[in-house]
Each structure stands twice: as structure tokens, then as C-alpha cells.
Amino acid sequence: MTDRHDLPAGFSWGVSTAAYQIEGAVDEDGRGRSIWDTFCERPGAVKNGDSGRTACDHYHRWPEDIALMRELGLDTYRFSLAWTRVQPTGRGPANPAGLDFYERLVDGLLEAGITPLPTLFHWDLPQALEDEGGWLHRDTAHRFAEYAALAADRLGDRVPAWITLNEPFVHLVYGYALGIHAPGRTLMLDALPAAHHQLLAHGLAAAELRARGLDVLIANNLTPVRPASDAPEDRAAAEAYDALHNRLFTDPLLLGRYPDLSAYGVGPDLHGAVLDGDLDLISAPGLSGLGVNYYNPTRIAAPTDPGLPFAEAPIDGVPHTHFGWPVVPEGLHELLLTLRDRYGAALPPITVTENGCSTDDTLDDTSRTDYLAGHLDALARATADGIDVRGYCTWSLLDNFEWAEGYSQRFGLVHVDFTTQRRTPKASFAWYRDLIAAQRAKSAGR
């Protein structure tokens, strides 16, 4: 990171992972079957026929991974619990062996001086609940609240803050609308009840967590939306896309209402999913923080497909990651300013819960250090502008199972040989370690 700006004293430095992407051990200790176990068995669903069956074998190698985190000097480790380890079918009593694993992990983190920040749902819905309708079924939200209570009862004495959902927008669109991710449904706009039921699940789970004296956050993928031109039709398309990607999940939380979705021919009840009292529950006061996952801006043009009111347009003239995503660090600054201006006093403190890039299979990942440096500089400028950002978690600690891309995309600070499970820190690991130490030293000297 450049020296133009420093991040505030007390800023929290972390990394993020997700259960299905790193744990493996899918058949051990009573873990139930998730939608990703099923999806990975579908021919052609995942590149090269990969799956998370073994992944990074974190379930057995977590002490080694905590040692890497300790070497980085982290304040925070954001990870997710596998719902199917806690409740194999998504309902009923807790599976003690599953919670035992997370207890060992939490205690190991605390011993290393690292604060655990668990996410309750990172896309791995129990298959048994999907068989009953998944997030299209209102009852799933109630099952989620029961799961949250079980997890908090076991771990809440050592884990002060919890993230309910990760990227409900991506899960809605990729999982239920387009079929790119599990569960692989292709419902297009008929998927919208899954948006509301995820938010309802957050509201119900948040009530359980707050009743136990715990802090509650939610993390979503957010993007600054830019019209392809100043033409009225491009600007209207950009507004329609912004309503879907950014406002659909944030307005109900912070404003207690859904955005205008009339461009999609959808009313505020989201095809009848919204019932009286739901939005009061979703927007209940006391959201401790908003998790922002930022990777790139989105450029939008007038529609070319009659089924949608927008079309994505390429962002040219900038570097692109190995995944093909445009690298636009100033987009993070732009996004945070937009959130402040849009929500004002309703905006809770922000934690950047994911930010990172895929590179090719190399240890000398200078493109990653450049990526992180640019985004952390943009983040520091946002804090200098008065935006309350409390922490940053890069994605990810380890190369891992990257959903439908299998093992073809590597986001880790640590290289993983998926045959031997050998972990090798990359150049970006040393860079991040040294940055954290330098920022901590500056804070101590203030």
C-alpha cells in the first residue's frame, strides 16, 4: 500500500474462507449432504468435474492453517460454518461432532490471538431443505434461525460477532436464477422469493443472536454501477441493475422497504413472498455492521435481451485478473461513498469482508500484491473521507475450491498443492504480513 493514507488505529486485519471451499471431509463425523455435494455430481456443472470432497483438507489441517494466520499477524479470521455439520438435514438437534470441530477451531484461533468471525451461511444449504423447496420455501428461514441458535449456544461465549449470510445476491442469481451455482435452478425473475426468504432468515437469526447478547452482521457482494454512456436508456438500465444487485438486499435492511423493481415487472411483495411484519423484522434496529465484498465495478448498457431491463458491458482499458474480472481499485472508494450518501445515518460500520483476485499458478504473485495495494489505498481514502470502516479481510487465505470453476482459479495468499495438500506461502503472503506489522507499528506510535 502507498504511504498516502494510513488506516485508523484499531483497524482489524483479516482473511476470509468458506467451509465448502476448504474443509473437505464431506462424509466425516455425521456431516449431512449439501446442495454443493449434489451439484458437483451433475455432469458438466463444475469445471473438470472437480468437487469440494477434499478441497484443502482444512478439517484435518486446521492447526497448520492457524499457524499460517498467526505468522500473518491477523486480528480476525472470517470463516463459515457448514450448516450440514451442525444439522445434517437442516433441522432437529445439533450434531455434537460437527460443533466439536468448530469449537476446536475457535479455541485454536483464540489461543493464537485471532478473533473468530463466523458466517452462518456461505451457500451450502442442506440438500434435505432444498428438496423441500430451499430458499423458495418460507420455512427455510425458520430452520436457519434454529440453526443459528444452536451454533450460538455452543460458541457464543467465545465468539462475540456473527455474520448471518454471505452474498445473498450471488446465491440468488447464480443458484436460483441462472443455474451457474448450486442448486442449479434456472428460474430467472421467478427466483425473487429466494431473495426475500434469505433476508427473512437473516432477520429471524439476528433476533436469536441478539437475544444471546451477540453482535450481528450480514455480508453482500456490492458493486458500483456505471452506465455505458450518458444516453437516457443506458442510465435507466444502470438504475435498474443497481436496484437488483445493490439495493434489493440493502434497502430492506437499512430502510425497511424494497427498492422499485417495476423495471422487472415485479411489485414490492416479490411475487407474494413478503408478508405483514417481515420488513420490520428484517430491518430491526441493532445491525452491528455491514460486510462489503468488493471485486469490481459493473458497466451497464440498455438491454439487448427482452427478458431483462439491462445488459452488461465490458470495462476496457484496465488490467484484468486471471478470472477475467476488471481491476478497478477506485471502485471500492466509489462504492463506499455511494453507501454513505445513500443511507446516511442508517449505515452501520463497514467491514470489507472480501476483496482479492485470482492469479495464475505461481508463487511470485506480484499482480496480487499490486491488486491489494491499490484497493487498500482506496479503502484508506474512504476512511479519510469519514466513512466508518472497521476492518478488512482479503479473499482468501488459501487457494481453494472456487465453486463452478473448480480448482482452476487461485485466490490464496498461500499456494495449495491439491494432490499433496502442501501449503506454500506466496509473495503476497509476505507482503500482507509486513503491511500488517507496519500498520500496527504506526498505530502504536500515534
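Just after helix α12 comes Gly344, and its phi is positive, about 55 degrees. Helices here are DSSP runs of H or I with at least four residues, strands are runs of E with at least two, and both are numbered from the N terminus. What you're looking at is a predicted model, in which local features need pLDDT of at least 70 and side-chain atom pairs count only at pLDDT 80 or more, while totals for chains, interfaces and linings use all residues. Residues are numbered from 1 along each chain as its sequence is written, and side-chain values use heavy atoms, with hydrogens and water left out.

Let's stay with α12 for a moment. Buried residues of α12 include Gly331, Leu332, His333 and Tyr343. Buried means under 20% relative accessible area, exposed means over 50%, and partly exposed is in between (1.4 Å probe, protein chains only). What do the buried residues of α12 pack against? Their partners are β6, α10, β7 (289-293), β10 (350-354), α13 (366-384) and β11 (389-395); contact here means heavy atoms within 4.5 Å.

After α5 you meet Gly113, with a positive phi near 80 degrees.

Now follow α3 (58-72) over to α14 (427-445): their axes come within 8 Å and cross at roughly 50 degrees. That makes α3 oblique to α14. The axes are lines fitted to C-alpha atoms, for helices over the stretch in contact, and angles run from 0 to 180 degrees between N-to-C directions. Under 35 degrees counts as roughly parallel, over 145 as roughly antiparallel, 65 to 115 as roughly perpendicular, and the rest as oblique. On the α3 side, Leu68, Glu71 and Leu72 meet Phe429, Tyr432, Arg433 and Ile436 of α14.

Trp123 has a positive phi near 80 degrees although the residue isn't glycine. Trp123 sits in the loop between β3 and α6 and, at 4% relative accessibility, counts as buried. Gln421, also not a glycine, has a positive phi near 65 degrees, and Gln421 is buried with a relative accessible area of 6%. Then there are cis peptide bonds: one runs from Ala182 to Pro183, with omega near 10 degrees, and another from Trp395 to Ser396, with omega near 15 degrees.

Is Glu130 buried or exposed? At 7% relative accessibility, Glu130 counts as buried, and the residues Glu130 touches include Trp135, Tyr176, Pro183 and Arg185. Asp230, in the loop between β6 and α10, is exposed at 64% relative accessibility.

Finally, zoom out. The protein has 14 helices and 13 strands, and 60% of its 446 residues are buried. Its C-alpha trace spans about 50 × 50 × 45 Å along the principal axes.

Methods
Lists of a residue's contacts leave out its neighbours within four places in sequence.
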